[in-house]
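Please look over this protein and report on its fold, its surface and its side-chain contacts. Keep it short.

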Amino acid sequence: MAAKKLLELVPSDGVFIGNTTLQRRSNLGKRHWEVRKELVDGGFLTRGKGRGGSVARLAAETEAAPIAVRGRLFVRKESELYEPLKRWIAEVWGEGVEGGDFFDVRITGSPRTRKRASGQWSRPDVTLVQVNSYDYLPQPVLDVTLLK
């Protein structure tokens, strides 16, 4: 009920409204931030800049909200995206690799059960290595792509 009340106070034309103004008009007190977060996470509102921040309705809230809610249920951790990304890179980028050329993509992020000893940003999540030979270049070309 509080979420519906707060959503009704946000302009329906997509114009941003300041959080301070919205909090005053809603009379929800500290609960305002909890309800606002629920609406942002649900895909009904988007955050904006301003003194104290601002929010606006998403243009197509009827379509965006179910997608945002469904999307949250499928991916809980970033590491769940590594394998689909690896498969996509292998299928799309690796498709054009010819006979003698080399192409390999690997998940190089730490396993879920282990913390990185060298720091959070020290190792890429997915690494792509490709060696290509070209007719008019005397030596093969090595490409290493790090995806973080």
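Is N132 buried or exposed? N132 is buried, because its relative accessible area is 8% and the cut-off for buried is under 20%. The model is a predicted one.

## Around N132

N132 sits in strand β5, which spans residues 126-132. Its side chain makes a polar contact with the side chain of Y134, at 3.3 Å.

Other contacts come from further along the chain. Setting aside neighbours within four places in sequence, N132 touches D101, P140, V141 and D143.

## Overall layout

The protein has 5 helices and 6 strands. Read from the N terminus, the order of elements is α-β-α-α-β-β-α-α-β-β-β.

Of the 148 residues in the protein, 27% are buried. Take the contacts with a separation of 6 or more: 42% of them link residues 24 or more positions apart. The accessible surface is about 10800 Å². Carbon and sulfur atoms hold 54% of that surface.

Helix α1 covers residues 2-9. Its residues A2, A3, L6 and L7 are buried. Viewed down the axis of α1, the buried residues fall within an arc of 130 degrees, so they line one face of the helix.

What does the face of α1 turned away from the buried side carry? That face bears K4 and E8, which are exposed.

How many salt bridges does a search of the whole structure find? The search finds 3. Two of the pairs are described here, and another follows under the next heading.

E34 pairs with R31, with the closest N and O atoms 3.2 Å apart. Both residues lie in helix α3, residues 31-41. They are 3 residues apart, or about one turn of the helix. E34 counts as exposed because its relative accessibility is 53% and the cut-off for exposed is over 50%. R31 is partly exposed, at 41%.

D41 and K37 also meet in a salt bridge, with an N to O distance of 2.7 Å. This pair too lies in helix α3, with D41 and K37 4 residues apart, about one turn of the helix. Both side chains belong to partly exposed residues: D41 has a relative accessible area of 28%, and K37 has 46%.

## The R106 and D104 pair

R106 forms a salt bridge with D104. The closest N and O atoms are 2.9 Å apart. Which end is exposed, and which is partly exposed? R106 is exposed, with a relative accessible area of 53%. D104 is partly exposed, at 23% relative accessibility.

## A nonpolar patch

Which residues make the nonpolar surface patch? They are L85, W88, V92 and W93. The patch area is about 370 Å².

V92 belongs to helix α5, which runs over residues 82-92. V92 is partly exposed, with a relative accessible area of 42%.

Note on methods. Residues are numbered from 1 along each chain as its sequence is written. This is a predicted model: local features need pLDDT of at least 70, side-chain atom pairs count only at pLDDT 80 or more; totals for chains, interfaces and linings use all residues. Side-chain values use heavy atoms; hydrogens and water are left out. Patches are made of residues with over 30% relative accessible area and no salt bridge: like charges are joined within 9 Å, nonpolar side chains (Val, Leu, Ile, Met, Phe, Trp, Tyr) within 5 Å. Accessible areas come from the Shrake-Rupley method with a 1.4 Å probe; for residues, only the protein chains shown count as cover. A salt bridge is a side-chain nitrogen of Lys or Arg within 4 Å of a carboxyl oxygen of Asp or Glu. Helices (H or I, at least four residues) and strands (E, at least two) are DSSP runs, numbered from the N terminus. Buried means under 20% relative accessible area, exposed over 50%, partly exposed in between (1.4 Å probe, protein chains only). A polar contact is a pair of N or O atoms within 3.5 Å; within protein, one must be able to donate a hydrogen and the other to accept it, and residues adjacent in sequence count only if both atoms are side-chain atoms. Contact means heavy atoms within 4.5 Å. The arc is that of the directions from the helix axis to the C-beta atoms.
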